[in-house]
Amino acid sequence: PKLTNAENPAGEWNKLTIESVEDEVKVWLNDVLVNYGYNCTAQKGKIALQSEGSEIEFKKVDLTPITEITQ
């Protein structure tokens, strides 16, 4: 079940931010933290963008390396 409804109404673009640092992954949808994973085993590899159960369109995809980790 969804913990929060962070999606914009149908017909409006959503902004998704994904941060992967060391063994943690955080996902924000429209600036709301919606997912957090830790103890991840993959440290490198391909990036896949997908949708579950419906068509998806991407307006813009930016990849930005994280050069400094703050604790």
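**Exercise 1.** Which residues make the nonpolar surface patch of about 820 Å²?

*Solution.* In this predicted model, the patch is made by L16, I18, I47, L49, I56, F58, V61 and L63. With a relative accessibility of 65%, L63 counts as exposed, because exposed means over 50% relative accessible area.

**Exercise 2.** Determine how many salt bridges the model contains, and describe the pair formed by D31.

*Solution.* Begin with the general idea that side chains of opposite charge can pair when their charged atoms come close. The cut-off to apply is a side-chain nitrogen of Lys or Arg within 4 Å of a carboxyl oxygen of Asp or Glu, and by this rule the count comes to two salt bridges. In one of them, D31 pairs with K15, and the closest N and O atoms are 3.4 Å apart. This pair links distant parts of the chain, since D31 lies in the loop between β2 (24-29) and β3 while K15 lies in the segment before β1 (16-21), 16 residues apart. As for accessibility, D31 is exposed at a relative accessible area of 60%, whereas K15, at 45%, is partly exposed.

**Exercise 3.** Classify K60 and D62, whose side chains meet in a salt bridge, as buried, partly exposed or exposed.

*Solution.* The N to O distance in the K60 and D62 salt bridge is 3.8 Å, which falls within the 4 Å limit. Turning to accessibility, K60 has a relative value of 65% and therefore counts as exposed. D62 has a relative accessible area of 55%, so D62 is exposed as well.

Notes: Residues numbered from 1 in each chain as written. Predicted model: local features only at pLDDT ≥ 70, side-chain atom pairs only at ≥ 80, totals over all residues. Heavy atoms only, no water. Patch = residues over 30% accessible without salt bridge, like charges linked within 9 Å, V, L, I, M, F, W, Y side chains within 5 Å. Areas by Shrake-Rupley, 256 points an atom, 1.4 Å probe, with all protein chains shown as cover. Buried < 20%, exposed > 50% of the residue type's maximum accessible area, 1.4 Å probe, protein only. Helix = DSSP H or I, 4+ residues; strand = E, 2+ residues; numbered from the N terminus.
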